[in-house]
Amino acid sequence: MSFALALAIGGTLLVVITLGGSLVSRLPLSGAMLYLLVGLALGPLGLALAAPETIAQAPWLERLTEVVLLLSLFTSGLKMSAGLHERRWFLPLRLALVSMAATVVLIALAGVFLLGLPIGAA
């Protein structure tokens, strides 16, 4: 799939989900779940319109992933109405710190024991 087609599909999907916000809010699905379903339908498991060559397009996919992650974190932060000094921050902060630490440890263990990497590389 060309870059222009990917942008056209992504932009169309964003517009449709945004304009159909009231319909989406009544569904038992979140916007992210709908995006995932559309991705599966357009990807190799569906119509194969979006079947990236992961090795050849690795730098582009890495940048795209970083942008999506930043946008996701930014919009999540905008949705939080609590100030930084309120007690409502403590639970999400603890959950994030514990889950991040557990994820780092588990990925390092998988890298060492499953892939045979040295601990620094894992």
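Colleague: Where is L115 found, relative to helix α5?

Modeller: L115 is found in the segment after α5 (90-113), where helices are DSSP runs of H or I with at least four residues, strands are runs of E with at least two, and both are numbered from the N terminus. This is a predicted model, in which local features need pLDDT of at least 70, side-chain atom pairs count only at pLDDT 80 or more, and totals for chains, interfaces and linings use all residues. Residues are numbered from 1 along each chain as its sequence is written, and side-chain values use heavy atoms, with hydrogens and water left out.

Colleague: Why does L115 count as exposed?

Modeller: Buried means under 20% relative accessible area, exposed means over 50%, and partly exposed lies in between (1.4 Å probe, protein chains only); L115 has 63% relative accessibility, and therefore counts as exposed.

Colleague: Which residues form the nonpolar patch on the surface?

Modeller: The patch is formed by V105, L106, L109, F113, L114, L115 and L117, which together have about 780 Å² of accessible area. Patches take residues with over 30% relative accessible area and no salt bridge, joining nonpolar side chains (Val, Leu, Ile, Met, Phe, Trp, Tyr) within 5 Å and like charges within 9 Å. The areas come from the Shrake-Rupley method with a 1.4 Å probe, and for residues only the protein chains shown count as cover.

Colleague: What makes the contact between R63 and E66 a salt bridge?

Modeller: A salt bridge is a side-chain nitrogen of Lys or Arg within 4 Å of a carboxyl oxygen of Asp or Glu, and the closest N and O atoms of R63 and E66 are 3.2 Å apart. Both residues lie in helix α4 (residues 58-79), 3 residues apart, about one turn of the helix. Salt bridges that share partners join E62, R63 and E66 into one network, the N to O distance between R63 and E62 being 3.8 Å.

Colleague: Why are E62 and E66 called partly exposed?

Modeller: E62 has a relative accessibility of 44% and E66 a relative accessible area of 36%, so each is called partly exposed.

Colleague: How do you know that the protein chain is more spread out than a compact globule?

Modeller: The protein chain comes to 5 helices and 0 strands. Its radius of gyration, taken over C-alpha atoms, is set against a globule rule of 2.2 Å times the number of residues to the power 0.38; the value is 19 Å, well over the 14 Å that the rule gives for 122 residues, so the chain is more spread out than a compact globule.
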